[in-house]
Amino acid sequence: MPFHDKDDFTVTRLDPVNWMLEHPIRWEGHDGDHVDIEAGFVTDFATVPWAVQWLIPRTGTWTLPATGHDKLCTLLNRRYGLVTLAYRNATKIAHDGGPCSSCWAQAQLSVPPCTFGPVDTDGAFRAMCEDECVDPIRRWLLWVGVRWGALKNPARRVGWWRTAHLVLPISAVVAAPIVGLLYVLVRGIVAVFGG
Ligand SMILES: [Zn+2]
């Protein structure tokens, strides 16, 4: 029973994309770790690019996992904010605000790490999807999606290359038919309008 109290999963719509939890929810991991999502937490569920929403809508069996993932990302973002703040203060005092890698390392040490680091956060998302019986193909696609999202975010980018050997080939397999389809479309448009 990895998600506790999930029958209480009730949300209030704040705007077209944001929803607020009415009751707390807990996900119990397989190694004794857990994720607590408090009442009042705001989520946009799965942030899925429109081009693949036909395959993975914003909500589905992955809705609870997406909420749990959002929660873990919020914690990573918050920690990164604190590290950045500590770094700015240190380098302002020591180097007039100039860059300094040892100040950065020091700032990292000054803020306790999150229980789930960036790679673990996305791994937990995949485990949550498995718990919620998301089919393997969508589970891996969702994971690849959040891994690409992690690359864009400095709070989630650390350790990205450790999963690249999985992310890159899966992405290539997904992209191939899309690129092929676009090619055929563009050829068709050129044939019709290009004379
Ligand atoms: Zn320094």
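Analyst: One definition before we start: two strands count as paired if DSSP finds at least two bridges between them. Keep in mind that this is a predicted model.

User: Fine. Which residue is the bridge partner of arginine 13?

Analyst: Tryptophan 19, in strand 3, is the bridge partner of arginine 13.

User: And how many bridges between strand 2 and strand 3?

Analyst: Three bridges, with strand 2 and strand 3 (residues 19-21) running in the antiparallel sense.

User: What is the strand order in the sheet?

Analyst: The order is 2-3-6, in an open sheet of three strands with antiparallel pairing. Strand 2 (11-13) and strand 6 (42-43) are the edge strands, each pairing on one side only.

User: Where does aspartate 96 sit?

Analyst: Aspartate 96 is in the loop between helix 1 (63-95) and helix 2 (101-110).

User: Is aspartate 96 buried or exposed?

Analyst: Exposed, because aspartate 96 has 7 other C-beta atoms within 10 Å and the cut-off for exposed is 12 or fewer.

User: What about cysteine 133, what is its phi?

Analyst: Cysteine 133 has a positive phi near 65°, and it is not a glycine either. Cysteine 133 lies in the loop between helix 3 (118-131) and helix 4 (136-152).

User: Why does cysteine 133 count as exposed?

Analyst: Because cysteine 133 has 9 C-beta neighbours inside 10 Å, and 12 or fewer counts as exposed.

Technical notes
Residues numbered from 1 in each chain as written. Predicted model: local features only at pLDDT ≥ 70, side-chain atom pairs only at ≥ 80, totals over all residues. Helix = DSSP H or I, 4+ residues; strand = E, 2+ residues; numbered from the N terminus. Buried ≥ 20, exposed ≤ 12 C-beta atoms within 10 Å, placed from the backbone.
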